[in-house]
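Hi,

Here is the structure I promised to pass on. My notes on its cavities, its pockets and chain B follow below it.

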Amino acid sequence: MQEKREARGRLGSLVLGLVLLAGVAALAVGMFWHASSFHGVVIEPPRTAPELPAIGNDGNRFSLKALRGKLVIVSFGYTSCPDVCPLTLSRLKQVKSALGPAGEEIEVAFVSVDPDRDTPERLAAYVNGFAPSFHGLYLDGPELITVLATWNVTASRRDPDPTRSMQPNRNRYYSVDHTSGIFVVDRAGKLRLRYPYDAEVEPIAEDLRRLLAEAGA
Amino acid sequence: MRLLATLLLLVGVSALSACARGGEPSVKVESARAQLVPSGVGAVYAQIVNRGGGDDRLVGASSPHSEKVELHEVVHEDGIARMVHHPEGFAIPRKARVALEPGGKHLMLLGLKAAPGAREVTLTLLFERSGPVTLEAPVEPL
């Protein structure tokens with residue numbers, strides 16, 4: 001009788017242990033799924049997005065910190081870019097539109113990597129061609145170098161046609177090889193996700209809805 | 001007799017030449033569209049279809065709406081977009097379709113002269129064998 005009771009007790013402990021183990025495993029799987037179920041590339045661990053001490057559309061200093069509580073999408077490019085940059089900004093306009101009223105909670109910042117030709121006014125006109133709410137950000141000198149380094153972005157001027165070096169317009173017609181793609185900063189100011197420049201609209205919008213549902217700063 | 005021999009020789013040479021080039025190309029430009037950005041540059045995308053039996057090559061383009069038009073291709077490497085200029089042109093092989101599309105091969109308009117809000121741009125594409133092809137590319141909104 002005593003043996004039977006002990007055996008039942010051991011069985012009970014074993015079942016309890018298994019249930020607990022299953023619970024812990026489910027929690028771990030759930031957490032992993034939660035972290036990896038974004039469509040974009042998850043930046044792990046999330047870190048505070050480096051500041052963008054740039055001149056904004058209105059000629060005043062732009063501050064990422066001032067946008068805490070909103071999601072900020074950051075991309076790098078230049079206004080003489082006829083292909084990848086317009087494609088990126090067009091997609092972001094569509095993403096905001098796909099989010100409906102929640103799109104108001106999304107800020108889009110386009111950082112110029114071509115300080116020689118771009119100006120704050122030119123950038124403002126460029127981004128306004130896509131959406132008046134977009135921020136065109138201008139930096140130059142050491143500030144630009146710091147931003148490129150802290151965001152791990154590269155930009156290098158290239159003259160696609162070396163014979164142009166003999167031409168009078170050489171300083172007008174060059175391109176800038178640069179990191180394409182977009183970065184998403186969450187409401188707490190953390191760098192969270194990354195996408196290629198041609199990522200589809202709906203998966204980005206779906207990820208942003210999830211980030212909007214998180215607690216803000 | 002000598003004249004006949006010369007004529008036969010000429011016909012033979014031109015036939016051989018045609019063979020080497022793989023017959024005649026038949027090039028058509030479809031679905032052209034332009035994207036103009038406020039900074040004075042633009043891109044033109046299209047499908048170039050060669051239904052003929054011979055290869056061809058797009059060797060250049062011009063437009064009254066821009067200072068110059070260049071043949072470019074965006075190449076993506078390790079997350080970096082690199083613009084490659086193709087002064088040698090784009091090969092348009094026989095029985096093939098070459099896509100000029102966003103993020104890839106395209107015509108770049110430099111020094112835009114088109115009025116803001118222009119609805120279309122006129123372009124002339126120059127093919128090595130088929131010669132010039134002029135078209136109107138509708139401007140797509142950004």
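In the largest cavity, β6 (175–179) of chain A and β5 (80–85) of chain B each give at least two residues to the lining. Helices and strands here are DSSP runs (H or I, at least four residues, for helices; E, at least two, for strands), numbered from the N terminus. Bear in mind that this is a predicted model, where local features need pLDDT of at least 70, side-chain atom pairs count only at pLDDT 80 or more, and totals for chains, interfaces and linings use all residues. Residues are numbered from 1 along each chain as its sequence is written, chains are lettered from A and ligands numbered from 1 in the order in which they are written, and side-chain values use heavy atoms, leaving out hydrogens and water.

Back to that cavity: its volume is about 70 Å³. From chain A, the lining takes Y78(A), C81(A), D83(A), V84(A), V176(A), D177(A) and H178(A), and from chain B, V74(B), A81(B), R82(B) and M83(B). By class, that is seven nonpolar, one polar and three charged. Nonpolar covers Ala, Val, Leu, Ile, Met, Phe, Trp, Tyr, Cys and Pro; charged covers Asp, Glu, Lys and Arg; the others, Gly among them, are polar.

On the terms: working on a 1 Å grid over the protein atoms alone, a cavity is a set of points where a 1.4 Å probe fits but cannot get out, a pocket is an open set with protein on both sides within 12 Å along at least five of seven lines, and lining residues have an atom within 4 Å of a point. Points are joined across faces, edges and corners, and a volume is the space filled by probe spheres set on them.

The search of the whole structure turned up two cavities of 30 Å³ or more. β2 (71–77) and α2 (84–98) of chain A are the elements giving two or more residues to it. This lining has five nonpolar, six polar and no charged residues.

The largest pocket has a volume of about 320 Å³. Of its 15 lining residues, L36(B), A115(B), P116(B), G117(B) and A118(B) lie nearest the centre. The lining splits into 11 nonpolar, two polar and two charged.

Cheers
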